[in-house]
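Welcome! Have the sequence and the 3D view open side by side, and let's walk through this protein together.

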Amino acid sequence: MLRASLPSCPVHAALAAAGLLCVLAQPPAAGAWGNEGHRLINRLAASTLPADVPAFLRSEAAVHEIEYLGPEPDRWRSPAEPELNAAQAPEHFIDLEPADALGPLPRRRLDFEAKVFAAGQRPEKIGLQPWEATEVWERLKAALRAYRGLQAAGKDTRGVEAAALFYAGWLGHYVGDGSQPLHTTDKYNGWVGPNPNGYTTGHQIHWQFEGPFVAANLHEREVRARMTAPKYLGGDVFDNYVAYLRHTATYVEKVYQLEKAGGFVGAGTAASREFTADRLAAGASMLRDMIYTAWLESANPAPDPYAGK
Ligand SMILES: [Zn+2]
């Protein structure tokens with residue numbers, strides 16, 4: 001879904017100055033990647049988890065629940081919950097250009113926010129994607145560690161299973177957003193800066209690409225066929241996730257090229273349909289691998305936070 005602070009909102013600047021949100025008239029089924037794209041990414045990830053992941057995460061009921069949760073954070077954008085909306089809207093994107101201009105990305109959200117404020121800027125203008133995704137992934141890993149503990153002790157695991165399913169589905173939203181190139185750039189809804197190739201500067205491209213075009217043209221079969229084989233993401237989760245976002249960002253100009261060729265109108269072009277299927281598949285593959293990695297790493301013993309106190 002488009003961020004709250006869209007340049008197409010005529011009173012955005014004044015409202016922002018007043019500390020208020022700009023409430024836009026969203027398309028009725030609005031959602032990042034649209035509802036359809038997010039549901040598809042989550043469903044494909046959950047239904048392709050390796051067999052050594054516990055069955056409660058792979059069952060038909062689990063796939064259904066994780067799919068339902070794909071668009072969940074977009075359900076938190078209502079003016080009926082203004083504080084929630086203001087806090088969570090920046091978690092769907094990061095504009096890598098202004099973020100990188102401030103130096104290396106700190107690992108912790110509050111360190112990044114402090115850096116942004118110190119530069120006289122606002123975190124909600126730049127975005128908080130990698131921190132939110134990392135934190136939700138860590139919630140999932142903590143829940144899966146608790147699951148292992150309860151199971152080993154012969155106790156009821158139904159409560160923690162529900163928690164883990166929620167975290168996995170919630171995580172899927174951000175990982176899905178992270179495969180959409182326009183969620184990684186200050187060119188998120190119209191080209192900005194030097195424009196020798198004459199890319200659109202209108203404010204339609206974001207929703208046109210991720211909403212109606214996906215809903216009308218992309219189907220599970222062709223996206224599933226483009227997914228990678230499951231793998232354990234060794235190494236550091238934050239570094240892995242930022243690398244994933246940077247790879248996505250390499251496709252920003254491609255989106256504008258496809259738009260210029262009429263790729264997101266109606267049925268688009270073969271190139272635009274293949275590109276979009278690849279992006280959705282990249283999101284589904286990454287989500288599946290992050291859930292798998294959380295499961296494997298949940299076996300690692302956790303240090304006691306109260307040791308020595
Ligand atoms: Zn989103």
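Let's begin at one residue, Ile291: leaving out residues up to four places away in sequence, Ile291 touches Ala45, Leu49, Leu57, Leu140 and Ala168. Keep in mind as you look that this is a predicted model.

**The nonpolar core**

- Ile291 is also among the residues that touch the most other members of the largest nonpolar core, together with Leu140, Ala164, Ala168, Leu171, Leu287 and Met290.
- That core holds 70 residues.
- Which helix gives the largest share of this core? Helix H14, residues 270-297, does, with 13 residues.
- As background, nonpolar side chains tend to be buried together in soluble globular proteins.

**The protein as a whole**

- Of the 309 residues in the protein, 43% are buried.
- If you take the contacts with a separation of 6 or more, 76% of them join residues 24 or more positions apart.

- Find helix H8 (residues 129-152) and helix H12 (residues 237-249): their axes come within 10 Å and cross at roughly 135°.
- On the H8 side, the contact is made by Gln129, Pro130, Ala133, Thr134 and Trp137.
- On the H12 side, Val237, Phe238, Tyr241, Val242 and Leu245 make the contact.
- Sorted by class, the contact of H8 with H12 has eight nonpolar residues, two polar ones and no charged ones.

**A proline in a loop**

- Where is Pro50? Look in the loop between helix H2 (34-46) and helix H3 (60-69).
- Is Pro50 buried or partly exposed? Pro50 is partly exposed, because 16 other C-beta atoms lie within 10 Å, while a buried residue needs 20 or more and an exposed one has 12 or fewer.
- Setting aside neighbours within four places in sequence, Pro50 is in contact with Pro230 and Tyr292.
- Pro50 and Lys231 are 181 residues apart along the chain, and their C-alpha atoms are separated by 8.8 Å.

How values were computed. Residues are numbered from 1 along each chain as its sequence is written. This is a predicted model: local features need pLDDT of at least 70, side-chain atom pairs count only at pLDDT 80 or more; totals for chains, interfaces and linings use all residues. Axes are lines fitted to C-alpha atoms, for helices over the stretch in contact, and angles run from 0 to 180 degrees between N-to-C directions. Helices (H or I, at least four residues) and strands (E, at least two) are DSSP runs, numbered from the N terminus. Two residues are in contact if their C-beta atoms, placed from the backbone, lie within 7 Å. Ala, Val, Leu, Ile, Met, Phe, Trp, Tyr, Cys and Pro count as nonpolar, Asp, Glu, Lys and Arg as charged, and the others, Gly among them, as polar. A nonpolar core is a set of buried Ala, Val, Leu, Ile, Met, Phe, Trp, Tyr and Cys residues joined through C-beta atoms within 7 Å.
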